[in-house]
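Colleague: I am new to this one. Please pick one part, look at it closely, and then move on to the ligand.

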Amino acid sequence: MDLGIAGKRAIVCAGSKGLGRGCAEALARAGVEVILNARNVDTLAATANDIAAATGVKITPVAADITTPEGRAEVLAAAGDAGVDILVNNAGGPPPGVWSDWDRDDFIAALDANMLAPIAMMQALMPGMINRGWGRVVNITSQSVRAPIAQLGLSNSARSGLTGFVAGTARQVAPDGVVINNLLPGIHATDRAKSLDQKVVDDEGISMHDAKARRLATIPARRYGSAEDFGAMCAFLCSQHAGFIIGQNIMLDGGAANISV
Ligand code: NAP
């Protein structure tokens, strides 16, 4: 399918690995120029080179912490005045734990990363999208927004805040051609999934094989998702074909959450 977005420009936040990288690759394959962000300079440069070599499109790496105002300013400066048509918001996920583990600073850090950073990026870029009458925003959130995961209280809290903001905002900007949706990953085979599985191993004294087998048993598709699966859906939501999909929360979880709508 021709996604109809060749020649557009995108910012992909937190995209040197995992789901963000999957989104950047899929957009680049569709002919979209990508300003690619993550913190580690070497990993980011390697990913940017890989994607540019594989697709032939321009990938501009910007090593910065997207959860800070300074980091976001660097990413936006790299985009320059030429306009950004597509924004993929992402950042690392907060640590797991129990309800009594976290103090105010932990909540502020989670809110900064998984609620306030994506909101700030939307506020910075959507005026230009509105002026041009076309824009696409995909926020990477989590299945925990619709099917909360007990040990991810920080994630549940921060991402629910972002979801609430998007619910109203998506409807306010839709008349101007700007389409915002959230993608909710279930378990995907990335470093984040490895660290969550490792926590189960450490907490319960079981093997990694058993921890994964137990998780697989909860996923009807009987596999972890891949960054490619995820990127393909992201690119579709950024495409010309997604203009009637407004403010949705789309689960990519292999059927794990047993919810009907
Ligand atoms: P990942 O494989 O660990 O990759 C995270 C990426 O984000 C890396 O490129 C990392 O690079 C970058 N990053 C992290 N913090 C950053 C920051 N402050 N500023 C800029 N870049 C940053 O993680 P993932 O699995 O792709 O997860 C992406 C998001 O989806 C996370 O919020 C995660 O909680 C959520 N999620 C994942 C799953 C899953 O199963 N994988 C399920 C539900 C939700 P640097 O470290 O170099 O910055």
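Modeller: Strands (E, at least two residues) and helices (H or I, at least four) are DSSP runs, numbered from the N terminus. The model is predicted, so local features need pLDDT of at least 70 and side-chain atom pairs count only at pLDDT 80 or more, while totals for chains, interfaces and linings use all residues. Residues are numbered from 1 along each chain as its sequence is written, and side-chain values use heavy atoms, with hydrogens and water left out.

Start with Asn182. Strand β6 (residues 178–185) holds Asn182. Asn182 has a relative accessible area of 0%, so it is buried (under 20%, 1.4 Å probe, protein chains only). Its side chain makes a polar contact of 2.8 Å with that of Asn249. Such a contact is a pair of N or O atoms within 3.5 Å; within protein, one must be able to donate a hydrogen and the other to accept it, and residues adjacent in sequence count only if both atoms are side-chain atoms. Beyond four places in sequence, Asn182 also touches others, including Asn139, Thr163 and Gln248; contact means heavy atoms within 4.5 Å.

Now the ligand. Its shell has 28 residues, with Ser16, Leu19, Ala91, His188 and Thr190 among the closest; each has a heavy atom within 4 Å of the ligand. A side-chain N or O atom of Thr190 sits 2.4 Å from a ligand oxygen. For a backbone N or O atom of Ala91, the distance to a ligand oxygen is 2.6 Å. For one of Leu19, it is 2.7 Å. At least two shell residues come from each of α1 (18–29), β2 (33–38) and α6 (191–204).

Definitions and conventions: Buried < 20%, exposed > 50% of the residue type's maximum accessible area, 1.4 Å probe, protein only.
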